[in-house]
Amino acid sequence: MSEPIIKIENVNKWFGDFQVLKDINLDVSAKQKIVVCGPSGSGKSTLIRCINRLEEHQKGTIIVDGTELSENTKNIEQVRAEVGMVFQQFNLFPHLSILDNCTLAPIWVKKMPKKEAQELAMKQLEQVQIADQANKFPGQLSGGQQQRSAIARALCMQPKIMLFDEPTSALDPEMIKEVLDAMVNLAKGGMTMIVVTHEMGFAKEVADEVIFMDEGMIVEKAETKEFFANPKSDRTKLFLSQIL
Amino acid sequence: MNSLNFLKSNKQNFYYFLYLGLFLFSISILDVAINSFLKINVTSFLPGILSIFLPLILGFVGLNFIRTEYSGIKSLDIVNKNINTNNFNAILTLLIIFAIIKATPPSLSWMIFDANISGDTKEACTGTGACWTYVKVWFRRFMYGMYPNDLHWRINLAFILVIALGFFGFFLRDNLKKYLALYYVIIYPIIAFLVIYYLISGGSFGLVWVETGAWGGLSLTFIVSFFCLIFCFPLGMVLALGRRSSLPMIRYISIGYIEFWRGVPLITVLFMSSVMFPMFLPEDFFMDKLVRVIIAITLFEGAYCAEVIRGGLQALPRGQYDAAKSLGMGYWKMHIFVILPQALKLVIPGICNTFLALVKDTPLIFVVGLAELAGMLALAKTNPKWLGFAMEGYIFAAIIFWIICYAMSKYSYNLEAKYKTER
């Protein structure tokens, strides 16, 4: 295995007195796809939000693509530009059209010429099969279309790593598939992905490794087949029996 | 209640009841109208109390006949739903209609039929109505204050220029559109200031110097409001952001500023600016009273703007911040492109509210000796030649202020509709 692109060592985090992350260790190498699952409140979202420092960890080290994340990190924006993120609530900018949503950051953060940014955006929108909606506003699209736009927006920054924070949890059942399809395509393209999700079908199809978290700890970490075939801890077994 | 039901219409006699009800209702209105407009009491043959209450009783019975659950006639249903839902509302409706009819003839005759507008002196006002001659004679003073009569063109020209420059932004070429905000926030106020300074103040280019003490009337209202509006908005924006800053120093300075200015009355601030402030300045340093007043009002209203804008910032979901950050935007890019455009849209009604209050607060500058529209009225009504016409003057000022404020709120509705976004 090559040098990991994300290195998480002994990370601890507290919200007030409540410890959300306890001694998390995780290495992710390039092109690896990792699915994180677990009951709500187990710290999955917090963990991946720490990776692009939307949350700050209080103890331990997180190294993303050679840059350590800490209070002294000067170029946190550069790190974030290399780590795309897709949220549960889409978080598209409602005052901008889909195309502008996609070109905003490339133009102003990466200083890309407008024309180039638009071409790139259209290419990414085509990838998620939503190019015909480019000039609409987020409020005019369905949830599935919005989430696919959000994926395209993140991809427009040409990130090395993509984080997904329960991307299908806020969607109607019939729209989940179109979003998952887009994610599967992305995975096949060789993107490094960390996905927090309860879609076990997706995990089986795409993931190299599955991590099960509970109460702020990584309870189990195994290769996908192994994880589903014979989970080791009782907690994992219980969880899987409930969710499958 | 059941005993009244025989008076209720049913499907068969619905139209009979409707016409009868309308007829009774019309008679009651007609009776009051004749009484009020022609001063003839048609029902004087009836005993006293009955004569007074007859229209009310007739109207009440009429409305009671009209009232049905659902008739299918659109206008009738609207009436029933809004002003005729039950007996109590029917009586209120009637009383309000009667009051309006009663009040119309005297106010109309005072304002129009018995009013005078000809002549140039107080003696021309012979009627019992309003003396609009007063407003006519003083009109120029109300508009331009003590500004010399033959120089009024300079004020007009300055305003036309400033308004034209304001519209200039709409005609910018597309590739210059991105500088629009810059133009309105920085360049436009400076140009407007220079135009007003050089044209209205004069003193160079062969124009006679007119000191600001002579400025006044509606034009001064406009000048003060205009500059306070365009300066207090950016100030409020900076303070709102400062109050939410993660740097404690900036946050506490902003909170301190806002709470200080919100805690003192405007009138005190104005006194301070004109009386106390010059004492702290070096002797050879001079700052015009008008400028000091504008700065004082701007600082004062900026605090209010800040809190309104903060409300908008507060209303945005955290996801918007997260999304902007995750795309690698720093603090300023995030706020300029993502947060502020959305937040400012949300606060249009609140900002409009603050601005309207500001415009209506400008008469307070009278306490430091600057006479804008309301101030000029106060001066004019004490003129020995024109004593006793305060009413006409204040009605005139009220109408003008109402027009200005209504125009502003209409404009804010337009902005709201224009920038409406679905979430």
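Modeller: This is a predicted model, and in it β9(A) is covered on both faces, with Glu209(A), Ile211(A) and Met213(A) buried on one side and Val210(A), Phe212(A) and Asp214(A) buried on the other.

Colleague: Which strand does β9(A) pair with in the antiparallel sense?

Modeller: That is β10(A), residues 217-223, which is joined to β9(A) over 6 bridges, and within this pairing Val210(A) stands opposite Ala222(A). The hairpin of these two strands has 2 residues between them, and Glu215(A) takes a positive phi near 50° there.

Colleague: How many bridges join β3(A) to β9(A)?

Modeller: There are 4 bridges, and these two strands run parallel; Val36(A), for instance, stands opposite Ile211(A) of β9(A).

Colleague: What is the strand order of the open sheet?

Modeller: The open sheet has 6 strands in the order β6-β7-β8-β3-β9-β10 of chain A, and its pairing is mixed. The edge strands are β6 (83-86) and β10 of chain A, each of which pairs on one side only, and from one strand to the next the twist averages 15°.

Colleague: And the β6(A) end, how does that pair with β7?

Modeller: β6(A) and β7(A), the latter being residues 161-165, pair in the parallel sense over 4 bridges, with Leu163(A) in β7(A) as the bridge partner of Met85(A).

Colleague: Which strands does helix α1 of chain A touch?

Modeller: Helix α1(A), residues 44-51, packs on the sheet and touches β3, β6, β7, β8 and β9 of chain A, and its direction makes about 150° with that of β7(A). Helix α9(A), residues 234-243, also packs on the sheet, where it touches β3, β9 and β10 of chain A, with its direction at about 100° to that of β9(A).

Colleague: Changing topic, how many cavities of 30 Å³ or more turn up?

Modeller: The search of the whole structure finds 1, and about 30 Å³ of space lies in the largest cavity. Its lining is made up of Lys33(A), Ile34(A), Val35(A), Met193(A), Val195(A), Phe202(A), Val206(A) and Ala207(A), and the elements that give two or more residues to that lining are β3 (33-37), β8 (192-196) and α7 (200-206) of chain A.

Colleague: Which element gives the most, and is the lining polar or nonpolar?

Modeller: β3(A) gives the most, with 3 residues, and the lining of the largest cavity divides into 7 nonpolar residues, no polar ones and 1 charged.

Technical notes
Residues numbered from 1 in each chain as written. Chains lettered and ligands numbered in written order. Predicted model: local features only at pLDDT ≥ 70, side-chain atom pairs only at ≥ 80, totals over all residues. Heavy atoms only, no water. 1 Å grid on protein atoms, 1.4 Å probe; cavity = no way out; pocket = protein on both sides within 12 Å on 5 of 7 lines; lining within 4 Å. Points joined across faces, edges and corners; volume = space filled by probe spheres on them. Nonpolar A, V, L, I, M, F, W, Y, C, P; charged D, E, K, R; others polar. Buried < 20%, exposed > 50% of the residue type's maximum accessible area, 1.4 Å probe, protein only. Pairing = 2+ DSSP bridges. Axes fitted to C-alpha atoms, helices over the stretch in contact; angles between N-to-C directions. Contact = heavy atoms within 4.5 Å.
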